[in-house]
Amino acid sequence: MDPLEALTEIATLLERERASRYRSQAFRSAAAALSALPPDQRADLGRLQRTKGIGEKTLRVITEALEGRVPDYLTELRGSAGVAEVPSTLRARLKGDLHAHSNWSDGLTPIDAMVSAARTLGHEYLALTDHSPRLRVANGLSADRLREQMTVVGGLSGEGFTLLTGIEVDILEDGMLDQEPGLLERLDVVVASVHSKLRMDRAPMTRRMLAAVRDPNTDVLGHCTGRLVEGSRGTRPASAFDASVVFAACAEHGVAVEINSRPERQDPPDDLIAVALAAGCLFSIDSDAHAPGQLSLLDHGARRAEQAGVPAERIVTTWELPKLREWLGRER
């Protein structure tokens, strides 16, 4: 087996299972270090031992791959890889993903690594939606950094793949969006999410979310309850708001309700997906990926949407790019 492929697959599988970022980064760093060596030195054990970025565990993977076999650690991870329990026919209809992060905010890898992974999965498009400035813990992008990122994104499309400019913008306590309105207007995709004061009372939280949904720059309402149901961060209850009122506003303004694919979120809950369906909402099945391996979590979101009876034609991420762009450019 090719050592670079082995190291990259291990990193991808660790990312998918949301393992410690240090574990996955160790394998990505080793892959980068190995790739930087001249081809005639990539099998030189002494050289590899002296190469910064290659440690004991990653060296063992390289050695086993050079011996012509699948490394033991990779075999172990393949056996425990978390896949959706029930295969979804809807997954094959997804064309892309409107919610993903890079190391410009709190993602683990550069933008080009996210693009490469999206291409490998067969995506036709991906929106880069790093966080907005108020979310300091996530290294949110100031207006100047976002403008700089937009110039980078513009050079990473081509050959049947489009990287869309975007942001996951924080919904502030008064419902305002945490970025300059004029700058939001220039982006392809704006995902609006609540990240703070999640335990607000029901009435003010409803007003807060309504203001964001009614903002003409909002395209997607991200992980609407903010709940956590499993994982290393522990659990967190869902925010309280009047879902029928908020989802009616989403339907009126053409804002898609995100079905967040992260297993620790499972957001919205099944009962709220039903409310959004009855309200006539559009949906966006998104990975909320913070690393390349997490882009494949879409299978979880697709399975939940299919089980909830969400029609494929109401899921914007099943649409071809021209139709998606038409929706994104709508007058609201």
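Visitor: Why is strand β4 said to be largely enclosed by the rest of the structure?
Guide: This is a predicted model, and in it five of the five residues of strand β4, residues 166–170, are buried. Buried stands for under 20% relative accessible area, so the strand is described as largely enclosed by the rest of the structure.

Visitor: What makes both faces of β4 count as covered?
Guide: In a regular strand the side chains alternate between the two faces of the sheet. On one side of β4 lie G166, E168 and D170, on the other I167 and V169, and all of these are buried.

Visitor: What makes the radius of gyration of the protein agree with that of a compact globule?
Guide: For 332 residues a compact globule would have a radius of gyration near 20 Å, and the protein has 21 Å, which agrees. Along the principal axes, its C-alpha atoms fill a box of roughly 65 × 45 × 35 Å.

Visitor: How many of the contacts join residues at least 24 apart in sequence?
Guide: Among contacts between residues at least 6 apart in sequence, the share is 75%. As for burial, 54% of the 332 residues are buried.

Technical notes: Residues are numbered from 1 along each chain as its sequence is written. This is a predicted model: local features need pLDDT of at least 70, side-chain atom pairs count only at pLDDT 80 or more; totals for chains, interfaces and linings use all residues. Side-chain values use heavy atoms; hydrogens and water are left out. The radius of gyration is taken over C-alpha atoms; the globule rule is 2.2 Å times the number of residues to the power 0.38. Buried means under 20% relative accessible area, exposed over 50%, partly exposed in between (1.4 Å probe, protein chains only). Contact means heavy atoms within 4.5 Å. Helices (H or I, at least four residues) and strands (E, at least two) are DSSP runs, numbered from the N terminus.
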